[in-house]
Amino acid sequence: MFSIYKKDLQSFFFTPFAYIVTALFLFLFTFYFNGSIGDQSQATYFFSFANVFYNVIIMFIFLIPILTMRTFADERKFGTEVLLMTSPLNVVQIIIGKYLANITVFLFMLASSLFFPIFTAIKGEVVMSQLICAYLGFFLWGAMYIAIGQLISSFTESSILAAIIGEIVMFVFLFIDDFAMTKFIAQYPAIQSAVYAFAAQPRFAYFSQGFIRLSDIVFFISAIIVCLVWNYISIEKRRWNRG
Amino acid sequence: MITIENLTKYYGNNRAVNNISFTINDNEILGFLGPNGAGKSTTMNMIAGFLPMTAGKVTICGSDISKEPVKAKKNLGYLPEIPPVYPDMRVREYLSFCAGLKRIPVTKKSSEIKRVMELLKITDVKDKLIKNLSKGYKQRVGFAQALLGNPKFLILDEPTVGLDPKQVTEVRNIIKDLKKDHSVIFSSHILSEVSAVCDRVVIINKGDIKAIDTIENLEKQTGGSLILHIIIKGSRAVAADIIETADGVKEITKINVEGDDTYEFIAQLEGDGDAIKNDIMMKLLKNNIQISEIFTEKPDLEAVFVKLINSKPEKSGILELFDEYIKENPDAEGSADETDTAEKEDNE
């Protein structure tokens, strides 16, 4: 498991890949950060990191699939899947090793964004409890999206296709709460509550306000587990169906 | 020892491998021979635990590959048809990764990598990116990967494809050397290669085993007979008569006209080749027929191969009836197969 984790990390960090993704992330973060902190058009000055995170999350749709698209698609393309499958490892270890590598790159992205709150804290004041909760929520949401992206990467041999499908799926998940709130769906309360249960945004809202609720943590962690188990099934299924 | 029992693989309704059984003994090189699409790679993928089998069992050193995969795979080194290399890695880096996959202890890692690199002569490219290597080098890097950790069994799927003649000889010599403390299963569609390297051969076509035997026994299988070539100058009719009536000549298979009054006779012999040859020579000379060339040769192994591949599988009447039934009712087979895979998915 550790060797797969190490190899995947190398493929991120020994190439410009991780740095470019992180740079893009920071660029977008700066974009919203500057826009938000410098905004004095309102009557009362209002700035919070949670709001910046809210805006940055939309960028997840583009960044995370790029991060995860190669996870399994490239293994298939280069025929190295055979190597992993015939080595004395089980599939669970392969999936977890790869997931942890993706998470590590994501943490690297998050860690580099700490630059902004640190500077703000030096020059002004930051509500720490809110910031920490927002980071936690941000991390969990990202971890869930990585699990989804990794799952989609195991469906196909083409990494580009994995990225595009991933973007679509993540887009749906990001705006599913807006969809649930439309008047059309509101006619059917049962459907509305069922659809709303999949929404991550209201759960992130609690984190950004400084609440850590067990139900929200359980939501994200169970979503991650479901995706990883599905990932396992999809890999095993392909072995059985090959031909 | 690897035991393969009643191994069967269906791809949908296509039967790729049909109920094959054989064993690989310790310190043996087993050739796996068959034309393209015979089911060689499928069988090897199943032995290596990459593809699940539809039915049957593969046991490696007492552990079943589908029940105790991790334990069984520890004794295996596998080189698939396409070497499983990462184009963006350097050779040494790649081998180090593979050593980690095979759980080679950190202390032994670098010496082990050095050993396989020297064995396959890839030390001079160790810092190159794999994508910049030629096909032959990629193949050797893949081979090195299979040798890491000194596994007891090696499964090599067409290891010499894409190599130049010099490299082919080198790889063959490596395989021969491996025999000392490994068992090797080695597939090829080139007969001469198999006969140069292997102790035993399994000949397979369209998923059926056509023969499992040593090379010598296979050579004998064409009736165990020698082939006699005689080139004579003189009367064709007389010579034909003498050769045909001589003791030990089974039949004249061919008469070639070489020139004025010069003919080549090719005949199949039975029994002691030298005695027959002398007998025929004497008789021909007595009848004033000049002999310009006479020699016997072993039957061509290629011929054995072609004959075996074209031979019909030996089946009991019931099996044949079953096959006919399946041909007439393809649905019956398909539905049976689907429930089979569905069951296996459920099990997971």
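Which residue lies over the face of A:Tyr206, and at what distance from the ring centre?

Mentor: A:Arg213 does, at 3.7 Å from the ring centre. A charge sits over a ring if NZ of Lys or CZ of Arg is within 6 Å of the ring centre and within 35 degrees of the ring normal. This is a predicted model, in which local features need pLDDT of at least 70 and side-chain atom pairs pLDDT 80 or more, while totals for chains, interfaces and linings use all residues. Residues are numbered from 1 along each chain as its sequence is written, chains are lettered from A and ligands numbered from 1 in the order written, and side-chain values use heavy atoms, without hydrogens and water.

Another charge lies across two chains: A:Lys7 is over the face of B:Phe97, at 5.5 Å from the ring centre.

Turning to ring against ring, the whole structure holds 29 aromatic pairs over all chains (Phe, Tyr or six-membered Trp rings with centres within 6.5 Å; stacked under 30 degrees between planes, edge-to-face over 60, otherwise tilted). A:Phe13 and A:Tyr19 are edge-to-face, because their planes stand at 70 degrees, with the centres 5.8 Å apart. A:Phe29 and A:Phe116 are stacked, because their planes are at 20 degrees, with centres 4.9 Å apart. A:Phe29 belongs to helix H2 (residues 17–37) of chain A and A:Phe116 to helix H7 (residues 115–123) of chain A, so the pair ties together parts 87 residues apart in sequence. Helices are DSSP runs of H or I, at least four residues, numbered from the N terminus. A:Phe29 and A:Phe116 are both buried (under 20% relative accessible area, 1.4 Å probe, protein chains only). Both rings belong to one aromatic cluster, whose members include A:Phe25, A:Phe33 and A:Tyr135.

How values were computed: Helix = DSSP H or I, 4+ residues; strand = E, 2+ residues; numbered from the N terminus. Buried < 20%, exposed > 50% of the residue type's maximum accessible area, 1.4 Å probe, protein only.
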